[in-house]
Amino acid sequence: MSGAPGRPAARPLPPPPQSRGPPPPARPRFEPIDREKTCPLLLRVFTKVGGHHTMEDFAVRGKEPKDEVQIYTWKDATLRELTDLVKEVSPAARRRDAKLSFAFVYPDKRGRFVVREVGQTLSYANGKRMLDDGKALADLNFMIGDYLDVAIL
């Protein structure tokens with residue numbers, strides 16, 4: 001048990017590392033949604049040509065901007081899907097050179113609304129510049145109850 005005189009007993013060595021194999025496949029950040037079985041959420045979308053609405057535009061509940069569209073969708077909806085829906089109701093969004101900038105609007109810890117940009121798409125996607133078309137609401141940390149503000153540039 002004891003080693004040489006004056007030396008403490010040696011501790012046993014840990015077992016050799018085991019081969020763990022390949023790393024597990026990357027999981028999506030959220031579980032896929034079965035749109036046939038899952039109830040959609042109501043997304044309040046506010047559009048504005050030229051830029052985003054300001055925090056003050058949302059300061060008073062019930063007095064949100066008038067240019068609202070209500071969309072039933074799921075958290076796995078992509079910005080491309082939402083672009084196509086906005087194009088159905090906004091002629092400005094159908095322009096060939098239109099760029100759509102998306103922002104979430106939600107209350108901060110003090111109850112004041114925050115407008116946080118989350119992505120951009122082109123009105124008509126081309127293969128070279130996809131921007132954020134494939135990002136889903138869940139990927140962007142969307143919370144049910146957030147508003148979506150869309151600036152049409």
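## Strand pairing

Proline 107 has phenylalanine 113 as its bridge partner in β4. The model described here is predicted. Strand β3 covers residues 99–107 and strand β4 covers residues 113–122; the two run antiparallel and are joined by 9 bridges. Together β3 and β4 make a hairpin, with 5 residues between them. Glycine 111 lies in the turn and has a positive phi of about 90°.

β3 also pairs with strand β5 (residues 147–152), again in the antiparallel sense, over 6 bridges. In this pairing, alanine 103 is opposite aspartate 149 of β5.

## Salt bridges of arginine 35

The count of salt bridges comes to 10. One of them joins the side chains of arginine 35 and aspartate 76, at 2.9 Å from N to O. This pair links distant parts of the chain, 41 residues apart: arginine 35 is in the segment before β1 (41–49), and aspartate 76 is in the loop between β2 (68–73) and α1 (79–89). Aspartate 76 counts as buried, at 17% relative accessibility.

The side chain of arginine 35 also meets that of glutamate 81 in a salt bridge (3.0 Å, N to O). Here the partner is in helix α1, 46 residues apart from arginine 35. Arginine 35 is partly exposed, with a relative accessible area of 31%, and glutamate 81 is partly exposed at 30%.

Aspartate 84 and lysine 87 form a salt bridge through their side chains, with 3.9 Å from N to O. Both residues lie in helix α1, 3 residues apart, which is about one turn of the helix. Aspartate 84 is partly exposed at 33%, whereas lysine 87 is buried at 13%. Salt bridges with shared partners join Arg80, Asp84, Lys87 and Asp133 into one network.

Notes. Residues are numbered from 1 along each chain as its sequence is written. This is a predicted model: local features need pLDDT of at least 70, side-chain atom pairs count only at pLDDT 80 or more; totals for chains, interfaces and linings use all residues. Side-chain values use heavy atoms; hydrogens and water are left out. Two strands pair if DSSP finds at least two bridges between them. Helices (H or I, at least four residues) and strands (E, at least two) are DSSP runs, numbered from the N terminus. A salt bridge is a side-chain nitrogen of Lys or Arg within 4 Å of a carboxyl oxygen of Asp or Glu. Buried means under 20% relative accessible area, exposed over 50%, partly exposed in between (1.4 Å probe, protein chains only).
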